[in-house]
Amino acid sequence: MRNNSVIGWLLAAPLSLVLLVFLVAPIAMIVVVSFWGATEWSIYPAFQFDNYTFLLTSDVTYRVYLNTLKYAIITWAFTLLIGFTVAYYLAFHIRSLTWQIALFLLCTIPFLTSNIIRMISWIPFLGRNGLANQALISWGVIDEPLEWLLFSDFSVILAFVHLYTLFMVVPIFNTMMRIDKSLIEAAVDAGASGWQTLWHVIIPLTKPGIMIGTIFVVALVMGDFITVRFMSGSQSANVGRMIQNDIGLLQYPSASATAVILLVTVLLLIGTLLRFVDIRKEL
Amino acid sequence: MNRNLDLELISLTKRYGSTVAVDSISYHFDAGTYACLLGPSGCGKSSTLRMIAGHESVSDGSITLGKRDISHLPPAKRGTAMMFQNYALFPHLSVLDNVAFSLKMQGTDIATRHARAGEMLELVDMSNLADRFPDQLSGGQQQRAALARALITKPDVLLLDEPLSALDPFLRIRMRAELKKLQRELGITFVHVTHGQDEALALADEIVVMNNAVIEQAGKTRAVFDAPATAFVARFLGSHNVVSMPDGMIAIRSDALQIKDANAAKLPGTITNIEYQGTHVALTASVPGEQEVTALLSDKDFFGSPKNLGEAIGLDWEAGAAHALAG
């Protein structure tokens, strides 16, 4: 028995060690530093709530959080709509498995290039004299170039949706592929129309996949800073940008405190989501 | 029964590309019949059922129910209901909501549809499990729930796709008795697809034996069993010997064979195997033409004059017991 438990500990040790060093320790460090103090030129170890007090009483924090949540919600809505549609098409309208896999891989091809490149390639397209404006002007749809195409909330959300839709497609497609096709026939046999089958059978059975995709997208958008910086032309802020600014100014304690609050917010969000849907079956 | 509810297949054909799954079959099911489509896998029986249900398009020919052509109607408008092989219960809905599903699709209010679903569950003796979810039910219970769900639309024809194949042998025998009882009570037509000849014989008023996309033989169950028309039917139904005689192939039921002296019988043979089966003894003998024949003797007959392996015997039968076979 004793021998067995030693082996058990040994088997668990490598992964535990990796998690400890690369996950637990950094987070613990961030939490510790978040209580430190800082002056214009130095950082000093301490245990004080100054950083949190400043953050939680500042009007800016709430505005930035509100903006971050706005990005998250709008991006979520669009990625869900597009992701669900693409997954539905792949899972239910493509008959052969070979084609399903081929088209699925096609969806992932853009992801072989860097995020930044894909993001930046929007800039010449959307810019004041970019392709989009030129095309619209030459078609006579507009007379003046549209100013809101680039360096706006529109371009930020467009880039988010472009970058993260696949994170919605993959889990939803995966869940849909597990739906027994005879359930759809049973629904049709019971007189359900196409929409009724979608609403009463497919969506309820796809919920776990939707939830996993939601967690991916929300976590990614909440933690992002680079997309917001590039696509808003540094005109919009989200929590990630706040942290990045603090780090740029070497205000590590303040950055840590912001990071801790962001972590708690995202965890609470995901915790709430998980109360509604049981995703354990999917894992 | 109401003759207006007869189900008829007219030159029904199903093609998948260049393969013909069902080749122009015609059959008339009287209303209130328990019919079994019987055949080996790939014979077209499931495609036939799915065409009747409307889950497979009809390539050619037509299906009529009570003189109404239903070949191209959507499944729910045909007056048929289907019970799926794996039951296809909705895993996210309770038994009650599963049964009430079609009423919900029609927009029936919740009180009415739950009341109706409750009645259906009563019929299949599942009232106490109404709040369970499908994964909390045993195979037999799932089947009853699926039956209740199929019957709530008051179909004229219930289509069952290998309904017993997912059950263990003991439960299979119990559920088939319940299916038969239910069919008698409801008086509607049941069309039941199976590859088990014992299941078909036990349940069906009429059997339709299919092979290679066509109907090999069809009719009253006893008539088919007593006089198989082809070697395939005789072999598939079992309990028959198919023997090639000088004047053609014949089928003889194994319990119609009598053991006599070698020189006083129609067919001489040598015993190759003796199998004790409790109430019966199965005696296998090799006969001229490198054929094997099995005789099923009652234990009394066999042990009255026991035989040994390798012994020469004569196999005999009454004139009416042998049926000439086509092909």
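This is a predicted model: local features need pLDDT of at least 70, side-chain atom pairs count only at pLDDT 80 or more; totals for chains, interfaces and linings use all residues.
View 1. Strand S1 (residues 7-16) and strand S2 (residues 19-29) of chain B are antiparallel and pair over seven bridges. Two residues lie between S1(B) and S2(B), and the two strands form a hairpin. In the turn, B:Gly17 has a positive phi of about 60°.

**View 2. S1(B) beside S4(B).** Strand S1 of chain B also pairs with strand S4 (residues 60-65) of chain B, in the antiparallel sense and over five bridges. Here B:Leu9 has B:Ile63 of S4(B) as its bridge partner.

**View 3. Helices H10 and H13 of chain A.** The axes of H10(A) and H13(A) (residues 252-276) come within 11 Å and cross at roughly 165°. An angle over 145 degrees counts as roughly antiparallel, and H10(A) and H13(A) are therefore roughly antiparallel to each other. Their crossing is right-handed. On H10(A), the contact is made by A:Met211, A:Thr214, A:Ile215, A:Val218, A:Ala219 and A:Met222. H13(A) contributes A:Leu262, A:Val266, A:Leu269, A:Ile270 and A:Leu273. By class, the residues of this contact are 10 nonpolar, one polar and no charged.

**View 4. Where chain A touches chain B.** The contact takes 14 residues from chain A and 15 residues from chain B. On the side of chain A, helix H9 (181-189) and helix H10 (194-223) each supply at least two residues. H9(A) gives the largest share of that side, six residues. The side of chain A that touches chain B has eight nonpolar, three polar and three charged residues.

How values were computed. Residues are numbered from 1 along each chain as its sequence is written. Chains are lettered from A and ligands numbered from 1 in the order in which they are written. Two residues are in contact if their C-beta atoms, placed from the backbone, lie within 7 Å. Helices (H or I, at least four residues) and strands (E, at least two) are DSSP runs, numbered from the N terminus. Ala, Val, Leu, Ile, Met, Phe, Trp, Tyr, Cys and Pro count as nonpolar, Asp, Glu, Lys and Arg as charged, and the others, Gly among them, as polar. Two strands pair if DSSP finds at least two bridges between them. Axes are lines fitted to C-alpha atoms, for helices over the stretch in contact, and angles run from 0 to 180 degrees between N-to-C directions. Angles under 35 degrees count as roughly parallel, over 145 as roughly antiparallel, 65 to 115 as roughly perpendicular and the rest as oblique. A crossing is left-handed if the near helix is turned anticlockwise from the far one by less than a right angle, and right-handed if clockwise.
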